[in-house]
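Hello,

Here is the structure we talked about. Please look through it with the notes below, which go through what was found.

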Amino acid sequence: MQTDLSIDLDLIRRYNQPGPRYTSYPTAPHFTDEYGTEAFRRDLSEASSNTPLSLYLHLPFCQSLCYYCGCHMKVTQNPETIETYLTALKQEIDQLAAAVDTSRPVVQMHWGGGTPTYLSPDQIRDLGAHLRHRFSFASDAEISLEADPRTVTAERMAAAASVGFNRVSFGVQDVNREVQEAINRVQPIAMVEEAVGWAREYDYNGVNVDLIYGLPHQTLDRFDRTLDVTQRLAPDRIAVYSYAHVPSIKNHQRVIDQEALPSPDEKLRLFERALERLTGSQNGRAYRFIGMDHFARPDDPLSVAQDEGTLHRNFQGYSTRAGAEILALGISGISQLSGAYAQNVKAFPAYYDRIESDRLGTYRGYRLTSEDRLRRHVIMQLMCHFHLQKADIEERFAVDFDRRFASALEWLKPMEGDGLVTLTPEAIHVRPEGRLLIRNIAMAFDAYWRTDEEQPVHAQTV
Ligand SMILES: C[S@@+](CC[C@H](N)C(=O)[O-])C[C@H]1O[C@@H](n2cnc3c(N)ncnc32)[C@H](O)[C@@H]1O
């Protein structure tokens, strides 16, 4: 059910503070090296054989640098660099397959990056075949990849389809030429249209488009045009990401002229425009606001999962496959088991060193305490469903909700006063105005956020 969403700029300004995106709980800065390869192997060997798997592969290479990029990537034109990585990746696949019960069905796989479509058709087929050889894919598995239209060809889309890919996310970001030049990512609209055309031709049944608001030289008029083009492409899902400008972490973002960035208010208006345009029915195909930065057509599996209460949140954002354990491969990937997180090293030499000596890529992680599991469930319930029934939590975790979360409920009181949430004796309900500030609401239940003295660097919540 979609209720009207509106933006109260004053309210958002007041609450807009840096905060986690809750793709995990606890969040990655809390992982430690006390949890390493051995702990991960043990957890993998003890997992239930009924739990399905979701695979994530990190393919970090890009042809050229987009100045806004916040991802863990490497620009290279050297084919050997890519081949060396793919060889190690296949070894890691073998090592992981030896550590886990591979009769467990793979119900989901995602290749992220970097730019997975920078691989050649042969490399795509080879890696896909290797994975299929080692793991048991469910016949209805959701298999997706991230695609940069500038690297997409009919051959690459066909190669990916031939190894089972059925969803694709195209990075569109913005269609205006001046914006594109400022971010070093010039891609004519015709190129995007052609790429989407191939996805449909090769029977991908899910097409996503990524946009970013808050980029240099973006204006409402220009962003309107980006939204026009996006709606014409008629994707099943649209991600509208808030530009995370963190030059202290991502050095190359310093190239972006600060003066050309929209002000915080202008940035909010850009998102407001996206929200109005995408959820309004006047444009034919209306989208559902799923949460945070995701929109989906009402008949898309993401919307259906939200209706059915099975929507889930993980390192890839919102996901339909609740209950699957995520195994991540490649540099920087984060595996997510029911009771633990395990992260791979981020640097190439350290990754090669580990794989060479049969140690998987794991360098740190975290095993959840029972308190963490309880809080993770509460936070994910709010992030995915904007509603929480206290009795469900009490039954599942044998706690008295009001007593255990007395201070969180206190913290939410001013938000209730501001119309963001409704607190009743039985439930917590996030009101439409609160959906845009869902991270702030979730923070009330984050034991680490509220006690840490020094917070890690996060982007603003909106
Ligand atoms: C992991 S990237 C890979 C996309 C692919 N390499 C491409 O170029 O299309 C996925 C998406 O993250 C988003 N993204 C990357 N850096 C970002 C940033 N600093 N702030 C917000 N979104 C960002 C972009 O929308 C991008 O399409």
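**Arg 156 and its surroundings**

Leaving aside neighbours within four places in sequence, Arg 156 is in contact with Thr 117, Tyr 118, Leu 119, Ser 120, Pro 121, Ile 124 and Thr 151. Bear in mind that this is a predicted model. Arg 156 belongs to helix α5, residues 154–162. Arg 156 is buried but has no salt bridge; Glu 155, the nearest side chain of opposite charge, is 7.6 Å away.

**Salt bridges**

Elsewhere, charged side chains do pair: the whole structure holds 30 salt bridges. One of them joins Lys 90 and Asp 126, at 2.6 Å from N to O. This pair links distant parts of the chain, with Lys 90 in helix α3 and Asp 126 in helix α4 (residues 121–134), 36 residues apart. Asp 126 is partly exposed, at 39% relative accessibility.

Helix α4 also holds both Asp 122 and Arg 125, three residues apart, or about one turn of the helix. These two form a salt bridge, and their closest N and O atoms are 2.9 Å apart. Residues three or four places apart in an α-helix point the same way, because there are 3.6 residues a turn. Asp 122 counts as exposed at 54% relative accessibility, while Arg 125 is partly exposed at 36%.

A further salt bridge is formed by Arg 222 and Glu 178 (2.7 Å, N to O). Arg 222 is in helix α8 and Glu 178 in helix α6 (residues 177–182), so this bridge ties together parts 44 residues apart in sequence. Both are partly exposed: Arg 222 has a relative accessible area of 24%, and Glu 178 has 36%. There is also a network of salt bridges that links Asp 224, Asp 228, Arg 273 and Arg 277.

**Helix α9**

Helix α9 covers residues 264–279 and reaches 22 Å from its first C-alpha to its last, close to the 22 Å expected. Its buried residues include Lys 267, Glu 272 and Arg 277, along with Leu 268 and Phe 271. Among the elements that cover the buried residues of α9 are α1, β7, α8 and β8.

**Nonpolar cores**

The largest nonpolar core has 125 residues, and Leu 57, Trp 111, Phe 135 and Leu 327 are among those with the most contacts inside it. Helix α3 (residues 79–99) gives the most to this core, nine residues. Domain 1 (1–25 + 369–462) and domain 2 (27–329) both contribute residues, so the core lies between them. A second, separate core has 10 residues, including Cys 66, Ile 212, Tyr 243 and Ile 256.

Regards

Notes
Residues numbered from 1 in each chain as written. Predicted model: local features only at pLDDT ≥ 70, side-chain atom pairs only at ≥ 80, totals over all residues. Heavy atoms only, no water. Helix = DSSP H or I, 4+ residues; strand = E, 2+ residues; numbered from the N terminus. Buried < 20%, exposed > 50% of the residue type's maximum accessible area, 1.4 Å probe, protein only. Lys, Arg positive; Asp, Glu negative; His and termini not counted. Salt bridge = Lys/Arg side-chain N within 4 Å of Asp/Glu carboxyl O. Contact = heavy atoms within 4.5 Å. Expected span 1.5 Å × (residues − 1). Core = buried A, V, L, I, M, F, W, Y, C linked by side-chain atoms within 4.5 Å. Domains from an automatic or database assignment.
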